[in-house]
Amino acid sequence: MEYYLTTNKNLQALVLLLLIIFLHPVWFIPKAQAVDKKNNKASAVLVFGDSTADPGNNNYVSTIFKSNFPPYGRDFANRKPTGRFTNGRLTTDFLASYVGLKEYVPPYLDPNLSTKELMTGVSFASAGSGYDPLTSQLSNVIPILKQLEYFKEYKKRLESAIGKQQTENHINKAIFVISAGTNDFIVNYFTIPIRRKIYTTLSSYDLFLMQHVKHFLQNSKAVTVIIIIIVILFVSQADYNYLSTNFCVKSLWAEGARRIAVVGLPPMGCLPAVITLNSPNAFQSRGCIEKYCSVARDYNKILQNELHFMQRSLAIFGARIAYVDIYEPVIELIKEHKRYGFDEIYNGCCGTGYLEASFLCNPLSYACPDANKYMFWDSIHPTEKTYNYAFKSLRPVVDSILKG
């Protein structure tokens with residue numbers, strides 16, 4: 001009997017080892033159609049993330065994190081507050097214009113979207129969201145995995161209009177942009193003690209977030225198969241139910257995304273609100289808080305490495321997965337702000353510029369006469385001019401993705 005148990009355990013270990021070796025993700029990744037290098041045009045711009053990419057989805061969500069009122073949108077078309085957390089356009093709007101699709105990326109939750117608008121691209125992003133599920137719960141906004149669910153719904157709407165095969169081709173040629181992560185640290189980890197009690201070091205929280213990033217981008221079938229076999233061999237029925245519910249969720253890659261740009265963190269210590277809340281004397285001496293900037297740099301290194309590994313693993317299947325560095329461009333703007341025409345880099349244009357954002361930046365708030373002289377519109381979000389510079393840092397990445 002003892003010999004049988006030992007042999008059985010050895011056999012189980014051998015089975016698991018062989019599975020891990022032979023069920024490498026590439027064997028189970030759905031085959032993408034070959035990328036046509038003669039046709040580099042983007043079919044659509046599809047966006048996920050937080051307020052840096054939300055053009056107004058939160059207008060349709062029961063949350064206080066909204067911006068569909070003045071002075072937001074002051075420099076937008078027809079001076080219209082759309083729900084963008086800035087005075088005008090976002091980086092993703094400049095991107096859609098650059099690739100020749102349209103001038104503005106609309107929010108997916110807008111009930112009045114035409115088929116043409118859906119075809120050329122939408123944003124699923126939600127201000128206040130992040131990779132950590134707790135982040136969106138704190139703000140009662142759209143979690144990033146719910147954004148993925150909306151994307152699956154979006155695909156079905158396209159299929160009903162143009163058919164399944166044409167929809168797959170359309171999605172394969174779209175540019176996907178993911179911009180999130182700042183709220184996970186600013187709104188969540190450094191503000192609420194829940195995560196700090198579990199992840200006592202920043203490096204452990206970085207790894208926690210990275211698991212969610214990878215889960216969102218590429219939750220391969222191989223991983224699912226290995227989990228199922230482990231469950232069969234080792235765990236209880238209750239554990240099986242939990243794992244099958246939480247780990248067998250389709251990813252962006254599994255849904256057809258092939259051209260993916262993932263934006264890193266900005267220098268978070270340079271956000272006016274972070275300066276105000278963390279400076280020894282925020283009213284007389286303002287400058288970037290190195291602690292928060294260092295956190296962003298460390299996270300970005302990990303993200304860049306993960307995306308590089310993912311690209312190498314999936315390149316044979318037509319993947320074009322790229323990291324977008326936003327940290328260095330923003331630091332460049334701060335250091336050389338006079339050369340770029342900025343007079344104010346540590347305060348927002350709205351109100352005092354120290355803490356106002358969302359409902360605190362409202363029709364009763366003072367707003368600076370010329371937002372082009374400010375890097376930040378409110379205490380967290382950049383001005384349209386800054387977003388335009390951010391797009392210029394994104395443009396080479398887009399060119400590279402489209403060239404294939």
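Phe 176 is buried, with a relative accessible area of 0%, where buried means under 20% relative accessible area, exposed over 50% and partly exposed in between, for a 1.4 Å probe and protein chains only. The model is a predicted one, in which local features need pLDDT of at least 70 and side-chain atom pairs count only at pLDDT 80 or more, while totals for chains, interfaces and linings use all residues. Residues are numbered from 1 along each chain as its sequence is written, and side-chain values use heavy atoms, with hydrogens and water left out. Helices (H or I, at least four residues) and strands (E, at least two) are DSSP runs, numbered from the N terminus.

**Aromatic pairs**

- Over the whole structure, a search finds 29 aromatic pairs, a pair being two rings of Phe, Tyr or Trp (its six-membered ring) whose centres lie within 6.5 Å, with planes under 30 degrees apart counted as stacked, over 60 as edge-to-face and the rest as tilted.
- Phe 48 and Phe 176 form a stacked pair, at 6.4 Å centre to centre and with 10° between the planes.
- This pair links distant parts of the chain, since Phe 48 is in strand β1 and Phe 176 in strand β2 (residues 175–179), 128 residues apart; Phe 48, at 0% relative accessibility, also counts as buried.
- The rings of Tyr 340 and Tyr 389 have their centres 5.1 Å apart and their planes at 75°, so this pair is edge-to-face.
- Tyr 340 lies in the loop between α15 (327–335) and β5, and Tyr 389 in helix α16 (residues 384–403), so the pair ties together parts that are 49 residues apart in sequence; Tyr 389 counts as partly exposed at 22% relative accessibility.
- One aromatic cluster is formed by Phe 48, Tyr 108, Phe 124, Tyr 150, Phe 151, Tyr 154, Phe 176 and Phe 216.

**Enclosed elements**

- Six of the eight residues of α3 are buried, so this helix is largely enclosed by the rest of the structure; the buried residues in α3 are Thr 91, Thr 92, Asp 93, Phe 94, Leu 95 and Ala 96.
- These buried residues of α3 pack against β1, β2 and α16, with contact meaning heavy atoms within 4.5 Å, and the helix is followed by Gly 100, whose phi is positive, near 80°.
- Strand β5 (residues 344–348) has four of its five residues buried, so it is largely enclosed by the rest of the structure.
- β5 pairs with strand β6 (residues 374–376) in the parallel sense over two bridges, pairing being assigned if DSSP finds at least two bridges between the strands, and Gly 348 stands opposite Phe 376 in β6.

**A buried loop residue**

- Ala 127, in the loop between α4 (115–120) and α5 (133–139), is buried, with a relative accessible area of 2%.
- Leaving aside residues up to four places away in sequence, Ala 127 touches Asp 50, Ser 51, Asp 54, Asn 58, Phe 65, Phe 85 and Val 141.
- Ala 127 and Asn 183 are 56 residues apart in sequence and 9.0 Å apart in space, C-alpha to C-alpha.

**Salt bridges**

- The whole structure holds 13 salt bridges, each defined as a side-chain nitrogen of Lys or Arg within 4 Å of a carboxyl oxygen of Asp or Glu.
- Lys 152 and Glu 149 meet in a salt bridge at 3.4 Å, N to O, and both lie in helix α6 (residues 144–162), three residues apart, about one turn of the helix.
- Lys 152 is partly exposed, with a relative accessible area of 22%, and Glu 149 counts as partly exposed at 36%.
- Glu 290 and Arg 297 form a salt bridge at 2.4 Å, N to O; Glu 290 is partly exposed, with a relative accessible area of 46%, and Arg 297 counts as partly exposed at 30%.
- Lys 338 forms a salt bridge with Asp 343, the closest N and O atoms being 3.8 Å apart; Lys 338 counts as exposed at 59% relative accessibility, whereas Asp 343 counts as partly exposed at 47%.

**A nonpolar surface patch**

- Ile 64, Phe 359 and Leu 360 make a nonpolar surface patch of about 300 Å², with areas taken from the Shrake-Rupley method with a 1.4 Å probe, where for residues only the protein chains shown count as cover.
- Patches are made of residues with over 30% relative accessible area and no salt bridge, like charges being joined within 9 Å and nonpolar side chains (Val, Leu, Ile, Met, Phe, Trp, Tyr) within 5 Å.
- Ile 64 is found in the loop between β1 (45–49) and α3 (91–98) and counts as exposed at 54% relative accessibility.
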